Structures are given as structure tokens and as C-alpha cells.
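This report covers helix packing, loop residues and backbone geometry in one protein model. The sequence and structure come next.

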Amino acid sequence: MMRDKKKLLIAGGGHSDIPLILAGKKLGFYVITTGNQINGPNGLGHSYADEYHYGDYSDKEEILALAKKLKIDAICACCNDFSAISSAYVAEKLGLPGHDSYEKTLILHHKDRYRKFALENNIPTPFAQSYSSVKEALESIGEHKFSLMVKPIDLTGGKGVSKINCKEEYRNAVEKAFSISRAKCIVVEEFIGGSQHTFSAFIRDGKVVFYFGDNEFSYLNPYLVSTSSTPAIVPKTVDKRLIKISETISSILSLKTGLFHIQYLLQGEDPIIIEITRRCPGDLYSYPVNYLTGADYASWIIRAATGMDCSELTYSKPKGYFGRHCVMSEKQGKVMDISFDESIQKNIVDKFMWWKKGDLVNDVLTSKFGIVFLKYDSLEEMINKTNKLNQLIKVYVE
């Protein structure tokens, strides 16, 4: 019965949030999801929850009002930075467990604040300047050396991001970033090359007690991860360095127990951190974590966010080779079919597809039609097939 269960609000309800919703129910919570016109009520995750309520998780005051109305016992962010910020705000206002303060959450999730924090504390990150107006940003053009990255401070998934190589491209990139930033603030930072990876750790009492790493790849949108493989193909010294960095940041900010997720670029043996978040990554990221380590990633995130005991989570040595691939189209049009090459069939261990015949591909840079999970027999097979997945799994449009 609902009255016998504590209420958990998951501030979201898209496909990426399904593992969190199921984990919350498995742990005995009455799970409520939310979303606005863009991400609900048709979000794929809502049907897995016990209850859905309209609410824009990018609006912290709206989520606070909803939380008060529902008399929730706990809140967990969905796979979105806006949700992480709103969840921390609600938890602080209502005295709920499992979250850092609102100000600390902004330091980690807003690019301008994080870059400043990182540079002040000798944490490897691209050098960056932040600007709160187009005029201010344009007047600073003489201070920069190209190539540059221009980004809104408050968006993920490559939204509003531009790489520019000369002065002539600067104005358009600045105006593009400002036009999409809700905070009306951008960062202009040095371009850093290298392979892209994630280091997804779990912090308890300021120490990293569990971590997972992968390799990240993009398709047509160079700033949106669409494919990953694991384990991370990096020197052992990199993990040690990232553990030290994670614990240093945790110590400085006195972070609460829970997820600490890093996205970084690797140059030789030097990791350069480009993003940090304390919410679950998207696109069913928990699946390959579970495959590789045996750890119930989503359940531990829920446990931490709700203030439950997390003392039993320990590091698990990686076992095997796995991949995750978002199915995307290279062309606009109507989806007629999706095919899987015979050579990849034996590798597929699971898939979550939501496409229907006739679905429109309006934006090839963002439209996804499903996620496929793969197991490989060797490192060599993982490397070779990962590079070909967009050819081996094809979307046919007309």
C-alpha cells in the first residue's frame, strides 16, 4: 500500500531514468516522476513509476512546490544537470538527505563556476573565461588564442557548443551559445584534443570506494556521445590520478556520499577534466556498469540520494568487454526499418528500442531510436566493432 511506503520523487521520467525508477521501487519506495511539455507526460519512464505529476525539473521553485504538495520523503535527480540542481535545492529547503548543498551543486554543474574552482585548486581542466553578455564576450576576442570551444554554462549533450578556429567564427559561436543558455552565461575555453572517456566513481566518507571507466565516441554530432565501450583503454596511472582528483574535490567541498561522475580527455597519461556531475549519466549508462562490474549502479545511486546505508559497496574488478550504442540516423526522413548486420547479432546482449515505422527524423544530430548493448569476446573485437557500429546497425529512412 502507498501509505506504507516512503515517497520518492525522481525529478524526471525519460528513457534514461527507467533504471532509477525500477531501483527505487525495488528498494521499497513509492516512486513519483515528473516532466514538462518536452519530457512528459509521454516520457518513456513514467509508465514504470507509481505516479506521474507535471513539473519542469529545470525550474527549482516549481519542483519545490510539487515536493511540498506531494509531501515527499526523498528526491533523486534524473539524468540531467538541471534536475541535479533542482533536486539539491529541494533537498536543502526541505531538509531531505543525500544531497550536497545548492551552492556546491552549482559549483560542480555550472561550467563557469567549475572552471574557476578547478583552476584555483590545480585540478586539470581547460583554461576558460566566462561572460554574462554578448558584448562582454565579443570585446574579449583579442585575449584568446585559437582554437577555442564556446559553450553555454548550463547545458549538456553538446547543446549550443561550437569549436572555432579563427576570429571570423567567434561572433556566431558566442551568439549561438547565449541564445540557448538559460542562465545567459557562457564559457570560452581553450580547445583540448585527445581521446574521450568517463570515470564514474562512488564516494563514501570522502573516499572513492567504487569506480568504472569507459571510452566515448560520437556520430554526426561531435559533442554528443552516442557510443561507448568498456573497460576504458587508458594507462593504469590514469585511474589512480582520477581517484586522487575525486578525493581532493570531495575533501575541499565536503561532498556527501554518492555518485561522482567525470568526463575527461586523455593526452598521453594526463586526464583533462571537461565535466563533472553528481547525477546518473543518460542513455541507460547503468547497463554496462552492471555488466562489467556486477554492481547494481542505479540502486546505489538511489540509496545515496535517499540517505540509505551505502557501506557495502566496494570496488569490483572489470570482467569482460562491453559496449553501448544509441541508434541514430544519418539522414532526415521517415524511419522505415532498422537492421542489424549478421556479424553483430551474436554480440547483442540486450536492447531497448522505442522507434515505430513512420517516425520522423527531424534532427540527425539528436534523434535516437533505441539503445543496443553488446558483449565482445576480446579487446580487439571491441575496438574493431565499436568503430563500425553506425554501419552495422542501420536506420533506413525515406
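A crossing of two helices is right-handed if the near helix is turned clockwise from the far one by less than a right angle, and left-handed if anticlockwise. By that rule, helix 3 passes helix 4 in a right-handed crossing. The model is a predicted one.

## Helix packing

Two packed helices are described by the angle between their axes and the distance between the axes. Helix 3 spans residues 81–94 and helix 4 spans residues 102–109. Their axes lie 8 Å apart, at an angle of about 165 degrees. Helix 3 is therefore roughly antiparallel to helix 4, since angles over 145 degrees count as such.

Which residues of helix 3 and helix 4 meet? Helix 3 contributes Asp81, Ala84, Ile85, Ala88, Tyr89 and Glu92. Helix 4 contributes Tyr102, Thr105, Leu106 and His109. Sorted by class, this contact holds six nonpolar, two polar and two charged residues.

The next pair is helix 1 (residues 18–26) and helix 10 (residues 297–305). Their axes come within 8 Å and cross at roughly 65 degrees. Helix 1 and helix 10 are therefore roughly perpendicular to each other, because the class runs from 65 to 115 degrees. Helix 1 passes helix 10 in a right-handed crossing.

On the helix 1 side, the contact residues are Pro19, Leu20, Ala23 and Gly24. They meet Ala298, Ser299, Ile301 and Ile302 in helix 10. The class count for helix 1 with helix 10 is six nonpolar, two polar and no charged residues.

## Loop residues and their contacts

His99 sits in the loop between helix 3 and helix 4. Is His99 buried or exposed? His99 has a relative accessible area of 13%, so it counts as buried, the limit being under 20%. The His99 side chain reaches the backbone oxygen of Ile75 at 2.7 Å. Not counting residues up to four places away in sequence, His99 touches Ile75, Cys76, Ser87, Ala88, Ala91, Lys256 and Ala305.

His144 belongs to the loop between helix 6 (134–139) and strand 6 (148–152). His144 is buried, with a relative accessible area of 13%. Its side chain is joined to that of Ser140 by a polar contact of 3.3 Å. Beyond its neighbours within four places in sequence, His144 is in contact with Gln129, Tyr131, Tyr170 and Val188.

Thr366 is placed in the loop between strand 17 (360–361) and strand 18 (370–376). How exposed is Thr366? Thr366 counts as partly exposed, at 44% relative accessibility. The side chains of Thr366 and Asp363 make a polar contact of 3.2 Å. Leaving aside neighbours within four places in sequence, Thr366 is in contact with Leu224 and Met328. From C-alpha to C-alpha, Thr366 and Ser132 are 27 Å apart in space. In sequence, Thr366 and Ser132 are 234 residues apart.

The table lists the side-chain contacts described above.

| Residue | Partner | Distance |
|---|---|---|
| His144 side chain | Ser140 side chain | 3.3 Å |
| Thr366 side chain | Asp363 side chain | 3.2 Å |

## Backbone geometry

Where are cis peptide bonds found? One joins Phe146 and Ser147, with omega about 15 degrees. Ser147 is in the loop between helix 6 and strand 6, and His144 lies in the loop between helix 6 and strand 6 as well. Another cis peptide bond joins Thr230 and Pro231, with omega about 10 degrees. Pro231 is in the loop between strand 11 (225–230) and helix 8 (236–253).

Positive phi values come next. Lys71 is not a glycine, yet its phi is near 55 degrees. Lys71 is in the loop between helix 2 (60–70) and strand 4 (74–77). Lys71 is exposed, with a relative accessible area of 67%.

Asp283 also has a positive phi, about 55 degrees, although it is not a glycine. Asp283 lies in the loop between strand 13 (270–277) and helix 9 (286–293). Is Asp283 buried or exposed? Asp283 counts as buried, at 10% relative accessibility.

Terms used
Residues are numbered from 1 along each chain as its sequence is written. This is a predicted model: local features need pLDDT of at least 70, side-chain atom pairs count only at pLDDT 80 or more; totals for chains, interfaces and linings use all residues. Side-chain values use heavy atoms; hydrogens and water are left out. Axes are lines fitted to C-alpha atoms, for helices over the stretch in contact, and angles run from 0 to 180 degrees between N-to-C directions. Helices (H or I, at least four residues) and strands (E, at least two) are DSSP runs, numbered from the N terminus. Angles under 35 degrees count as roughly parallel, over 145 as roughly antiparallel, 65 to 115 as roughly perpendicular and the rest as oblique. Contact means heavy atoms within 4.5 Å. Ala, Val, Leu, Ile, Met, Phe, Trp, Tyr, Cys and Pro count as nonpolar, Asp, Glu, Lys and Arg as charged, and the others, Gly among them, as polar. Buried means under 20% relative accessible area, exposed over 50%, partly exposed in between (1.4 Å probe, protein chains only). A polar contact is a pair of N or O atoms within 3.5 Å; within protein, one must be able to donate a hydrogen and the other to accept it, and residues adjacent in sequence count only if both atoms are side-chain atoms.
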